[in-house]
Amino acid sequence: MSNNHASSDDMPLEKGFSHNNGLNGTGTGQGLNPYDLNKGAQYLERDENPDNGLKRLGTAGSISLSPELFEKLYLSPENRVKGDLRKTFGNPTPLALAGFLLCLTPLSCDLMGWRGAGGNGAASTGVFFFFGCLLMILGAVGEWIIGNTFPFVVFGTFGSFWGAYGATLVPWYNAYGSYVTDPTVAATNQGNPGNPAGVLVPAFNSSFAFFLVFMGLLCLIFLICSLRTNIVFFVIFFTLVCAFGCLAGAYFNLALFYENNMNVGASVTASRLVLAGGAFAFVTCLAGWWIFVAILLASVDFPLTLPVGDLSTTIKGAAERSNGGAGEAV
(Lines give C-alpha, C1' and ligand atoms only; values in the text may rest on other atoms or scores of the structure.)
Protein backbone atom coordinates (compact mmCIF):
# COMPACT_ATOMS: atom_id res chain seq x y z
CA MET A 1 0.00 0.00 0.00
CA SER A 2 1.04 3.63 -0.42
CA ASN A 3 2.75 5.50 2.41
CA ASN A 4 -0.30 7.72 2.71
CA HIS A 5 -2.38 4.70 3.64
CA ALA A 6 0.21 3.27 5.98
CA SER A 7 0.29 6.46 8.00
CA SER A 8 -3.48 6.50 8.58
CA ASP A 9 -3.97 3.44 10.71
CA ASP A 10 -6.34 5.30 12.99
CA MET A 11 -8.90 5.71 10.23
CA PRO A 12 -11.42 2.91 9.57
CA LEU A 13 -10.62 0.95 6.46
CA GLU A 14 -13.71 0.42 4.41
CA LYS A 15 -14.44 -1.51 1.28
CA GLY A 16 -16.27 0.39 -1.43
CA PHE A 17 -18.92 -1.59 -3.29
CA SER A 18 -19.63 1.04 -5.92
CA HIS A 19 -18.81 0.35 -9.54
CA ASN A 20 -15.44 2.12 -9.31
CA ASN A 21 -14.66 0.48 -5.95
CA GLY A 22 -14.08 3.90 -4.44
CA LEU A 23 -10.99 4.44 -6.63
CA ASN A 24 -10.23 7.35 -8.86
CA GLY A 25 -8.96 5.11 -11.61
CA THR A 26 -5.29 5.56 -10.71
CA GLY A 27 -5.05 2.71 -8.23
CA THR A 28 -4.15 5.03 -5.37
CA GLY A 29 -7.40 4.66 -3.52
CA GLN A 30 -7.77 8.42 -3.07
CA GLY A 31 -11.05 8.79 -5.02
CA LEU A 32 -13.65 8.63 -2.26
CA ASN A 33 -17.24 7.70 -2.91
CA PRO A 34 -19.23 10.93 -2.47
CA TYR A 35 -22.13 8.96 -0.99
CA ASP A 36 -20.11 7.29 1.79
CA LEU A 37 -21.62 7.73 5.23
CA ASN A 38 -18.11 7.97 6.67
CA LYS A 39 -16.27 10.75 4.91
CA GLY A 40 -12.50 10.51 4.56
CA ALA A 41 -12.41 6.72 4.81
CA GLN A 42 -9.68 4.62 3.21
CA TYR A 43 -10.25 1.95 0.59
CA LEU A 44 -8.54 -1.20 -0.53
CA GLU A 45 -6.25 -0.80 -3.49
CA ARG A 46 -6.63 -2.92 -6.59
CA ASP A 47 -3.21 -4.58 -6.22
CA GLU A 48 -3.41 -5.18 -2.46
CA ASN A 49 -2.99 -8.73 -1.20
CA PRO A 50 -6.54 -10.10 -0.64
CA ASP A 51 -5.62 -11.90 2.58
CA ASN A 52 -4.11 -8.79 4.12
CA GLY A 53 -7.04 -6.71 2.94
CA LEU A 54 -9.64 -9.07 4.37
CA LYS A 55 -7.77 -9.27 7.67
CA ARG A 56 -7.68 -5.51 8.02
CA LEU A 57 -11.26 -5.18 6.81
CA GLY A 58 -12.44 -7.70 9.38
CA THR A 59 -11.03 -5.60 12.23
CA ALA A 60 -12.26 -2.30 10.87
CA GLY A 61 -15.90 -2.95 11.78
CA SER A 62 -17.10 -0.66 8.99
CA ILE A 63 -18.32 -1.20 5.43
CA SER A 64 -19.04 1.66 3.08
CA LEU A 65 -21.87 1.05 0.64
CA SER A 66 -22.77 2.80 -2.56
CA PRO A 67 -26.35 4.12 -2.72
CA GLU A 68 -27.23 1.35 -5.16
CA LEU A 69 -25.94 -1.42 -2.91
CA PHE A 70 -27.46 0.15 0.21
CA GLU A 71 -30.86 0.22 -1.47
CA LYS A 72 -30.46 -3.37 -2.68
CA LEU A 73 -29.51 -4.66 0.77
CA TYR A 74 -32.06 -2.71 2.81
CA LEU A 75 -34.84 -1.98 0.27
CA SER A 76 -34.70 1.66 1.32
CA PRO A 77 -32.93 4.77 0.01
CA GLU A 78 -29.64 5.50 1.77
CA ASN A 79 -30.13 7.49 4.96
CA ARG A 80 -28.01 8.59 7.87
CA VAL A 81 -28.63 7.31 11.36
CA LYS A 82 -26.92 8.03 14.63
CA GLY A 83 -24.45 5.46 15.90
CA ASP A 84 -22.95 2.36 14.32
CA LEU A 85 -25.89 -0.04 14.57
CA ARG A 86 -25.58 -1.15 10.94
CA LYS A 87 -22.00 -2.20 11.73
CA THR A 88 -23.12 -4.04 14.86
CA PHE A 89 -26.21 -5.96 13.71
CA GLY A 90 -26.77 -8.18 10.70
CA ASN A 91 -29.05 -7.19 7.84
CA PRO A 92 -32.62 -8.26 8.82
CA THR A 93 -34.08 -7.75 5.33
CA PRO A 94 -33.52 -11.26 3.87
CA LEU A 95 -34.92 -12.88 7.02
CA ALA A 96 -38.22 -11.03 6.63
CA LEU A 97 -38.29 -11.75 2.90
CA ALA A 98 -37.80 -15.46 3.56
CA GLY A 99 -40.80 -15.51 5.90
CA PHE A 100 -42.91 -13.65 3.35
CA LEU A 101 -41.96 -15.89 0.44
CA LEU A 102 -42.37 -19.17 2.30
CA CYS A 103 -45.95 -18.13 3.04
CA LEU A 104 -47.05 -16.53 -0.19
CA THR A 105 -45.45 -18.96 -2.65
CA PRO A 106 -47.37 -22.08 -1.50
CA LEU A 107 -50.50 -19.98 -0.94
CA SER A 108 -50.40 -18.72 -4.52
CA CYS A 109 -50.11 -22.31 -5.73
CA ASP A 110 -53.10 -23.23 -3.55
CA LEU A 111 -55.16 -20.39 -5.00
CA MET A 112 -54.36 -21.53 -8.53
CA GLY A 113 -55.26 -25.13 -7.65
CA TRP A 114 -51.98 -26.62 -8.82
CA ARG A 115 -51.71 -30.39 -8.33
CA GLY A 116 -55.14 -30.41 -6.70
CA ALA A 117 -54.15 -27.91 -3.98
CA GLY A 118 -56.80 -25.70 -2.39
CA GLY A 119 -58.42 -24.77 0.89
CA ASN A 120 -57.16 -21.17 0.85
CA GLY A 121 -53.86 -22.32 2.35
CA ALA A 122 -55.33 -24.01 5.43
CA ALA A 123 -52.62 -26.68 5.22
CA SER A 124 -50.01 -23.93 5.73
CA THR A 125 -51.54 -22.40 8.86
CA GLY A 126 -48.43 -23.20 10.90
CA VAL A 127 -46.27 -21.63 8.20
CA PHE A 128 -48.30 -18.42 8.41
CA PHE A 129 -47.61 -18.17 12.14
CA PHE A 130 -44.02 -19.36 12.44
CA PHE A 131 -42.56 -18.20 9.15
CA GLY A 132 -44.66 -15.31 7.94
CA CYS A 133 -45.66 -13.72 11.22
CA LEU A 134 -42.61 -14.55 13.34
CA LEU A 135 -39.83 -13.92 10.82
CA MET A 136 -41.37 -10.77 9.40
CA ILE A 137 -41.96 -9.27 12.85
CA LEU A 138 -38.37 -10.09 13.80
CA GLY A 139 -37.20 -8.53 10.54
CA ALA A 140 -39.33 -5.45 11.23
CA VAL A 141 -37.79 -5.02 14.67
CA GLY A 142 -34.34 -5.36 13.13
CA GLU A 143 -35.12 -2.71 10.53
CA TRP A 144 -36.44 -0.42 13.27
CA ILE A 145 -33.24 -0.86 15.29
CA ILE A 146 -30.98 0.13 12.40
CA GLY A 147 -33.21 3.04 11.37
CA ASN A 148 -34.84 1.82 8.13
CA THR A 149 -38.39 3.16 8.41
CA PHE A 150 -39.93 1.97 5.13
CA PRO A 151 -38.95 -1.73 5.34
CA PHE A 152 -39.78 -1.63 9.07
CA VAL A 153 -43.37 -0.62 8.27
CA VAL A 154 -43.68 -3.04 5.34
CA PHE A 155 -42.40 -6.06 7.25
CA GLY A 156 -44.32 -5.20 10.41
CA THR A 157 -47.66 -4.85 8.64
CA PHE A 158 -47.21 -7.98 6.54
CA GLY A 159 -46.04 -9.96 9.54
CA SER A 160 -49.27 -8.95 11.25
CA PHE A 161 -51.21 -9.84 8.11
CA TRP A 162 -49.89 -13.40 8.12
CA GLY A 163 -50.71 -13.76 11.81
CA ALA A 164 -54.23 -12.45 11.24
CA TYR A 165 -54.77 -14.66 8.20
CA GLY A 166 -53.50 -17.72 10.04
CA ALA A 167 -55.79 -16.94 12.99
CA THR A 168 -58.77 -16.72 10.64
CA LEU A 169 -58.11 -20.28 9.55
CA VAL A 170 -57.82 -21.63 13.11
CA PRO A 171 -61.24 -22.79 14.43
CA TRP A 172 -60.39 -21.79 18.00
CA TYR A 173 -60.52 -18.09 17.03
CA ASN A 174 -64.07 -18.62 15.75
CA ALA A 175 -63.60 -16.04 12.99
CA TYR A 176 -66.19 -17.67 10.72
CA GLY A 177 -68.05 -19.73 13.31
CA SER A 178 -69.37 -16.60 14.99
CA TYR A 179 -71.47 -15.90 11.88
CA VAL A 180 -73.54 -19.04 12.45
CA THR A 181 -76.63 -17.73 14.24
CA ASP A 182 -79.10 -20.47 13.37
CA PRO A 183 -79.33 -22.78 16.44
CA THR A 184 -80.05 -25.76 14.23
CA VAL A 185 -76.90 -25.22 12.18
CA ALA A 186 -74.84 -24.38 15.27
CA ALA A 187 -75.86 -27.67 16.86
CA THR A 188 -74.10 -29.60 14.10
CA ASN A 189 -70.76 -28.44 15.53
CA GLN A 190 -71.70 -29.55 19.07
CA GLY A 191 -70.92 -26.15 20.56
CA ASN A 192 -67.30 -26.11 19.41
CA PRO A 193 -65.87 -22.87 17.98
CA GLY A 194 -65.14 -22.52 14.29
CA ASN A 195 -68.31 -23.96 12.81
CA PRO A 196 -67.37 -24.50 9.14
CA ALA A 197 -70.88 -23.50 8.13
CA GLY A 198 -69.86 -19.91 8.83
CA VAL A 199 -67.76 -19.87 5.67
CA LEU A 200 -71.00 -20.12 3.69
CA VAL A 201 -72.54 -17.07 5.35
CA PRO A 202 -72.64 -13.97 3.08
CA ALA A 203 -71.76 -11.61 5.95
CA PHE A 204 -68.49 -13.42 6.67
CA ASN A 205 -67.38 -13.29 3.02
CA SER A 206 -68.22 -9.61 2.64
CA SER A 207 -66.51 -8.74 5.90
CA PHE A 208 -63.34 -10.62 4.97
CA ALA A 209 -63.39 -8.99 1.53
CA PHE A 210 -63.16 -5.55 3.14
CA PHE A 211 -60.01 -6.65 4.97
CA LEU A 212 -58.47 -7.56 1.61
CA VAL A 213 -59.62 -4.27 0.07
CA PHE A 214 -57.72 -2.24 2.65
CA MET A 215 -54.69 -4.50 2.43
CA GLY A 216 -54.72 -3.60 -1.25
CA LEU A 217 -54.93 0.09 -0.31
CA LEU A 218 -51.95 -0.33 2.00
CA CYS A 219 -49.98 -1.99 -0.79
CA LEU A 220 -50.91 0.89 -3.09
CA ILE A 221 -49.27 3.29 -0.64
CA PHE A 222 -46.24 1.01 -0.47
CA LEU A 223 -46.23 0.94 -4.27
CA ILE A 224 -45.89 4.71 -4.43
CA CYS A 225 -43.11 4.70 -1.84
CA SER A 226 -41.29 1.90 -3.67
CA LEU A 227 -40.60 4.29 -6.54
CA ARG A 228 -37.66 5.40 -4.40
CA THR A 229 -36.29 1.85 -4.04
CA ASN A 230 -35.99 -0.45 -7.07
CA ILE A 231 -37.95 -1.89 -9.98
CA VAL A 232 -38.26 -5.37 -8.44
CA PHE A 233 -39.77 -3.98 -5.22
CA PHE A 234 -42.14 -1.90 -7.35
CA VAL A 235 -43.25 -5.03 -9.22
CA ILE A 236 -43.86 -6.80 -5.91
CA PHE A 237 -46.28 -4.16 -4.67
CA PHE A 238 -47.93 -3.67 -8.06
CA THR A 239 -48.79 -7.35 -8.31
CA LEU A 240 -49.86 -7.42 -4.65
CA VAL A 241 -52.33 -4.59 -5.31
CA CYS A 242 -53.75 -6.64 -8.19
CA ALA A 243 -53.80 -9.85 -6.12
CA PHE A 244 -55.63 -8.29 -3.18
CA GLY A 245 -58.08 -6.62 -5.56
CA CYS A 246 -58.90 -9.92 -7.25
CA LEU A 247 -59.28 -11.80 -3.97
CA ALA A 248 -61.50 -9.08 -2.50
CA GLY A 249 -63.69 -9.29 -5.59
CA ALA A 250 -63.81 -13.07 -5.23
CA TYR A 251 -65.12 -12.88 -1.67
CA PHE A 252 -67.68 -10.22 -2.59
CA ASN A 253 -68.96 -12.50 -5.36
CA LEU A 254 -69.04 -15.48 -3.00
CA ALA A 255 -71.21 -13.40 -0.68
CA LEU A 256 -73.60 -12.81 -3.56
CA PHE A 257 -73.67 -16.51 -4.40
CA TYR A 258 -74.28 -17.64 -0.81
CA GLU A 259 -77.05 -15.07 -0.54
CA ASN A 260 -78.71 -16.47 -3.65
CA ASN A 261 -77.61 -19.93 -4.76
CA MET A 262 -79.26 -19.33 -8.10
CA ASN A 263 -76.65 -16.69 -8.87
CA VAL A 264 -74.30 -19.12 -10.60
CA GLY A 265 -72.55 -16.28 -12.43
CA ALA A 266 -71.24 -14.88 -9.15
CA SER A 267 -69.79 -18.28 -8.27
CA VAL A 268 -68.04 -18.57 -11.64
CA THR A 269 -66.68 -15.04 -11.34
CA ALA A 270 -65.41 -15.76 -7.84
CA SER A 271 -63.54 -18.85 -9.06
CA ARG A 272 -61.91 -16.89 -11.86
CA LEU A 273 -60.91 -14.06 -9.53
CA VAL A 274 -59.33 -16.50 -7.07
CA LEU A 275 -57.32 -17.99 -9.93
CA ALA A 276 -56.26 -14.52 -11.11
CA GLY A 277 -55.35 -13.50 -7.58
CA GLY A 278 -53.18 -16.58 -7.21
CA ALA A 279 -51.46 -15.81 -10.52
CA PHE A 280 -50.68 -12.24 -9.49
CA ALA A 281 -49.39 -13.49 -6.14
CA PHE A 282 -47.17 -16.00 -7.92
CA VAL A 283 -45.62 -13.18 -9.98
CA THR A 284 -45.05 -11.38 -6.68
CA CYS A 285 -43.17 -14.42 -5.45
CA LEU A 286 -41.01 -14.61 -8.56
CA ALA A 287 -39.92 -11.02 -8.02
CA GLY A 288 -39.50 -11.69 -4.30
CA TRP A 289 -37.25 -14.71 -4.81
CA TRP A 290 -35.17 -12.67 -7.28
CA ILE A 291 -34.55 -9.85 -4.81
CA PHE A 292 -34.00 -12.33 -1.98
CA VAL A 293 -31.18 -14.01 -3.90
CA ALA A 294 -29.80 -10.61 -4.98
CA ILE A 295 -29.59 -9.44 -1.35
CA LEU A 296 -27.92 -12.62 -0.13
CA LEU A 297 -25.35 -12.53 -2.94
CA ALA A 298 -24.57 -8.90 -2.16
CA SER A 299 -24.35 -9.61 1.57
CA VAL A 300 -21.47 -12.05 1.04
CA ASP A 301 -19.84 -9.90 -1.67
CA PHE A 302 -20.42 -12.68 -4.20
CA PRO A 303 -18.73 -12.07 -7.58
CA LEU A 304 -22.07 -12.59 -9.33
CA THR A 305 -24.67 -9.87 -8.79
CA LEU A 306 -28.32 -9.74 -9.81
CA PRO A 307 -29.69 -6.39 -10.99
CA VAL A 308 -32.77 -5.06 -9.23
CA GLY A 309 -33.18 -1.82 -11.16
CA ASP A 310 -32.15 0.77 -8.59
CA LEU A 311 -34.48 3.79 -8.48
CA SER A 312 -33.09 5.52 -5.38
CA THR A 313 -30.75 7.67 -7.47
CA THR A 314 -33.04 7.93 -10.49
CA ILE A 315 -35.97 9.47 -8.63
CA LYS A 316 -34.39 12.15 -6.46
CA GLY A 317 -35.63 12.69 -2.92
CA ALA A 318 -37.25 15.95 -1.87
CA ALA A 319 -34.33 16.94 0.36
CA GLU A 320 -31.85 16.19 -2.39
CA ARG A 321 -33.78 18.28 -4.88
CA SER A 322 -34.12 21.24 -2.52
CA ASN A 323 -30.41 21.20 -1.69
CA GLY A 324 -29.24 20.86 -5.26
CA GLY A 325 -28.27 17.20 -4.98
CA ALA A 326 -26.55 17.47 -1.59
CA GLY A 327 -29.51 16.43 0.56
CA GLU A 328 -29.93 13.25 2.52
CA ALA A 329 -32.67 10.67 2.28
CA VAL A 330 -34.95 10.54 5.27
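## Helix 6

Just after helix 6, Gly147 adopts a positive phi of about 90 degrees. Helices (H or I, at least four residues) and strands (E, at least two) are DSSP runs, numbered from the N terminus. The model is predicted: local features need pLDDT of at least 70, side-chain atom pairs count only at pLDDT 80 or more, and totals for chains, interfaces and linings use all residues. Residues are numbered from 1 along each chain as its sequence is written, and side-chain values use heavy atoms, with hydrogens and water left out.

Helix 6 covers residues 125-145, 21 residues in all. From first C-alpha to last it reaches 29 Å, close to the 30 Å expected at 1.5 Å a residue (1.5 Å times one less than the number of residues). Its buried residues (under 20% relative accessible area, 1.4 Å probe, protein chains only) include Phe128, Gly132, Leu135, Met136 and Gly139. An α-helix has 3.6 residues a turn, so residues three or four places apart point the same way.

## Ser226

Ser226 lies in the loop between helix 9 (202-225) and helix 10 (231-259). Ser226 is buried, with a relative accessible area of 0%. Beyond its neighbours within four places in sequence, Ser226 is in contact (heavy atoms within 4.5 Å) with Phe150, Phe233, Phe234, Phe237 and Leu311.

## Whole chain

The chain contains 12 helices and two strands, in the order α-β-β-α-α-α-α-α-α-α-α-α-α-α from the N terminus. Of its 330 residues, 43% count as buried. Among contacts between residues at least 6 apart in sequence, 70% join residues at least 24 apart.

Conventions. Buried means under 20% relative accessible area, exposed over 50%, partly exposed in between (1.4 Å probe, protein chains only).
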